[in-house]
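Hi there,

Here is the structure I promised to pass on. Please open it first, and then read on for what turned up in it.

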Amino acid sequence: MNPSPVEAARPRLGTLLLRRGALLAFAAILLVFALGAPNFLAPGNLANVLAQSAILGILAFGLTTVIVGGGSNVLSGGLDLSVAANLGLSAAVYATLDNAGYGAFAGIGLTLATGLAVGLLNGLVVVGFRLPPLLATLASMNLVAGLELVLTENTVLPSASPLLEWLAFGVWLGVPALAWVLLGVAALLILLIDCTPFGLRLYAVGEYPEAAHAAGIAVRRHVFASYLISGLCGSLAAFCSAAWFSGSTTGSGEMLLSVVAIAFLGTIFSRRLRPSIGGTLLATLLVGFMINGFQLLNISSFWVNGLQGVLILLVVALSGLSRKEP
Amino acid sequence: MSDSYLDPRPARLSWPSRRAALRLALPALFVAILAFFALAAPGFLSLGNLSSLLLNNFVLLAMVAIGMTCAIAAGGIDLSVGTALDFSALAFVALLNAGSGLPLALGGALLAGTLVGAGNAGLIAGLRISPFLASLGSLFIGTSAQQLLSDGGQPNYLAPEARPDLAGARFFGVPLPLLAVAALAAVYGLALARGRFGRQVLALGNQPLVARYSGLAERRIAAWVFVAGAFACALAGILLAATVNAYVPMSGNAFLMNAIGAVFIGATLNRHGRANIPGTLLGVLFLNVTANGLLLIGWSFYWQQVATGALILLVLVFSFVGRRPGD
C-alpha cells in the first residue's frame, strides 16, 4: 500500500523518536547518575563538569568547524587531525614565552599566532595543494608534535601567569572561569556558524560543494577559513590546558581520538545528523557527565572509554535506521 | 581522492610523461634520501644497521600497514588496527604463560586479533555503520577492555621458560619475521592486484556507486576486508609480543598514524592513486629509513619527528600537485 503524499511528507512517530533519541538518552543518563549519586546535580558539581570539559570541547569545536566546511565524509571530507598536537605546541609556546619573561600581551599574541600558523599550514596544503585533509593534517600533526618535542624536550614546562591563575581559579557568578570560556567560545562559534551568512555558506560548501561553486561561493576561501578557525581553537584550548595543568603537558596527542569521537557524536544531536557546534557542545558535556558520574558512583574510570565507544556505535546504528539508503 | 570542487580552474591538458614523472617523485626522493644518508651517515649502509632496520622497525609496521591497506583499498579506514594487535599479543602471552604449547598460543592469538576485525565487520555489514566510526568504537571498547584486564595498563611479561624464540628464528638463513612479512605481502598483494576478490575490493573503494549498481555484495566485501586486515595485525601482535617478551597494553596504537601515512604515501605510486601493497611497503621503508638515517647523523629524536612530518608533507604535495582533479 503506498502512503499518500501527505502522509509520506510527515515524519512518522518512530522516526521522530529516533531523531530525538539522542536527547532522550542524554536525559536518561543524567537521571541515572542523579538518582545514584546525590551530589551529581549540585550546582557546584555541574559547574565543575563544565570546567573540566573546556579543553576537549574547544578542540572539538575546531574539528566540527572543519567538518562543516569540508563535509563529513572521513576520507575525502573535512578533517583536522592536528588539533590536539596544536594544543600541545601552543601550550608549550605559551609556557616558554611566559618563563622567558615576555609580557602578557606578547605571550598571548604569539600563542594565538602559533595556533593560527598551524591552521594556515593546514589550509595551505588542503586548499592550495589539494591534498586530502586526512592525509594533510596527519602529516602536519606529526610536524607540529615534533616541534612541541623540540621545544619541551618531552618534559613538562611549568608556568604560572596571572592569566592562567584567573583561568584556573577564577569564579564568576559561582561558575568557574574555564566553564565561562567553554560557553563563551561555543556561543561565539554558534553565532558565527549558525547565524551569519558566512556560516550558511560554510554549510553549503561542505554539503554541496559543486552547487556552492555554481552559486558563486568562493569554495576554497571558505574551506581555508574553517582550518584557520580550527587552528585558533587549538591555541584557545591550549590556554585552558595550561591553566588546568599549570603549564604545558606531554602527551596531548592522546586527546585526538576523544576529540574526533566527540565531534562525530555531536552530529546525533542535530535533526538531520549534520555537524553543529551546539551538538558538539552537548556531546562534550555528555562525555564529561559520564566521567564525572562514574567518579561519583565509584565505578572504575577504565569503563569510560568502552562506554563512550558503545554509545557512539549505538547512536550511529540507531540514527542509521532512521536514514534512508542513499 | 582529489577534491575537484577545490579547483575551479579548467583541467590542464593531460601530459602522460609529466604525470608519470610526478608519480616517480616518491621513488626519486627515496633514492635521494638513501644516497644522502649513505654519504652523510657513517655506518648507514653497514650490514648491521640495515638488518636491524629491517628486523626491528620495518617488519612490525609493514604488517600493520598491510592490514590498513586492505581497509583503505576498499574505501574505508581501520582505526582499530592497534586493538587487533594488542588483543593478539595479549592472547599469545596469556596462553603461553598458562602452559599451552606454541601452536595453540599462535592459533589463539590469531583468533583473538581476527575477532576484532570480525567485530568491525559485524558493525559495518550488520548495522551499516561507516568503517571510520565502527573502528573508532572498537578502538574505545578495546581500550577499556585492556585497561580492565591489565589493571590500568600493567604489562604482562612472558615467563622465561615459556619464551619462544620467534623473532630470532631463521629459515635457510632468512629471519622468520622477514619471511612472514614477505608471505603476507605476497598473498595480500596478489589477492588485491590479481584476484577476483581484490578487483571487487578496489571497485568498491574507487566507485562505490558503480559497485553497488553492478550488484556487488558490498557489505560482505567490506566485512571480509576488515577480517583480513585484522589477521595481518594479529600476526604483528604475535611478533611484537615475541620480540619484547611481554604484552604491553595499548601499545598497538603507536602504529596507527604511521600505518595510515605509509599506505597513502604508497598510493601516490599508483597511476590512479589507489592503495596497493608494494607501494605500502615502500612507504613503510621510506618512514623507517628517514627515521634511522636522521638518528645516525645525530639528530635528536625530537627533530626526527619534525623532519619526518615535513618529508611526508613534501612527498604528498609533490604527488598531488600535478594530479588532475578527477583522477
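The lining of the largest cavity draws on both chains of this predicted model. From chain A come A:Leu79, A:Leu81, A:Leu134, A:Leu256, A:Leu257 and A:Val260. By class, the lining has eleven nonpolar residues, with no polar and no charged ones. Two helices, α13 (256-265) of chain A and α11 (256-267) of chain B, each give at least two residues to that lining. The space inside is about 70 Å³, and the structure has three cavities of 30 Å³ or more.

Next, the helices of chain B. Helix α5 covers residues 102-126 of chain B, 25 residues that should span 36 Å at 1.5 Å a residue; the end C-alpha atoms are 35 Å apart, so the two values agree. Which residues of α5(B) are buried? The list is B:Ala105, B:Gly108, B:Ala109, B:Ala112, B:Gly113, B:Thr114, B:Val116, B:Gly117, B:Asn120, B:Ala121, B:Leu123 and B:Ile124. As a reminder for reading that list, an α-helix has 3.6 residues a turn, so residues three or four places apart point the same way. Just after α5(B) comes B:Arg128, with a positive phi of about 60°.

Helix α10 of chain B (residues 218-244) can be checked in the same manner: its 27 residues should span 39 Å at 1.5 Å a residue, and its end C-alpha atoms are 39 Å apart, which agrees. After α10(B) comes B:Asn245, whose phi is positive, near 55°.

Now the cysteines. How many disulfides does the structure hold over all chains? The count is zero. A:Cys233 is in no disulfide, and its nearest cysteine sulfur, that of A:Cys240, is 10 Å away. Likewise A:Cys240 is in no disulfide, with the sulfur of A:Cys233 as its nearest, 10 Å away. A disulfide needs the two sulfur atoms within 2.5 Å, so a separation of 10 Å rules this pair out. Are these cysteines buried or exposed? A:Cys233 has 3% relative accessibility and so counts as buried; A:Cys240, at 1%, also counts as buried.

Finally, chain A as a whole. Its secondary structure comes to 15 helices and two strands. Of its 326 residues, 53% count as buried. Among the contacts in chain A between residues at least 6 apart in sequence, 76% join residues at least 24 apart.

Best wishes

How values were computed
Residues numbered from 1 in each chain as written. Chains lettered and ligands numbered in written order. Predicted model: local features only at pLDDT ≥ 70, side-chain atom pairs only at ≥ 80, totals over all residues. Heavy atoms only, no water. 1 Å grid on protein atoms, 1.4 Å probe; cavity = no way out; pocket = protein on both sides within 12 Å on 5 of 7 lines; lining within 4 Å. Points joined across faces, edges and corners; volume = space filled by probe spheres on them. Helix = DSSP H or I, 4+ residues; strand = E, 2+ residues; numbered from the N terminus. Nonpolar A, V, L, I, M, F, W, Y, C, P; charged D, E, K, R; others polar. Buried < 20%, exposed > 50% of the residue type's maximum accessible area, 1.4 Å probe, protein only. Expected span 1.5 Å × (residues − 1). Contact = heavy atoms within 4.5 Å.
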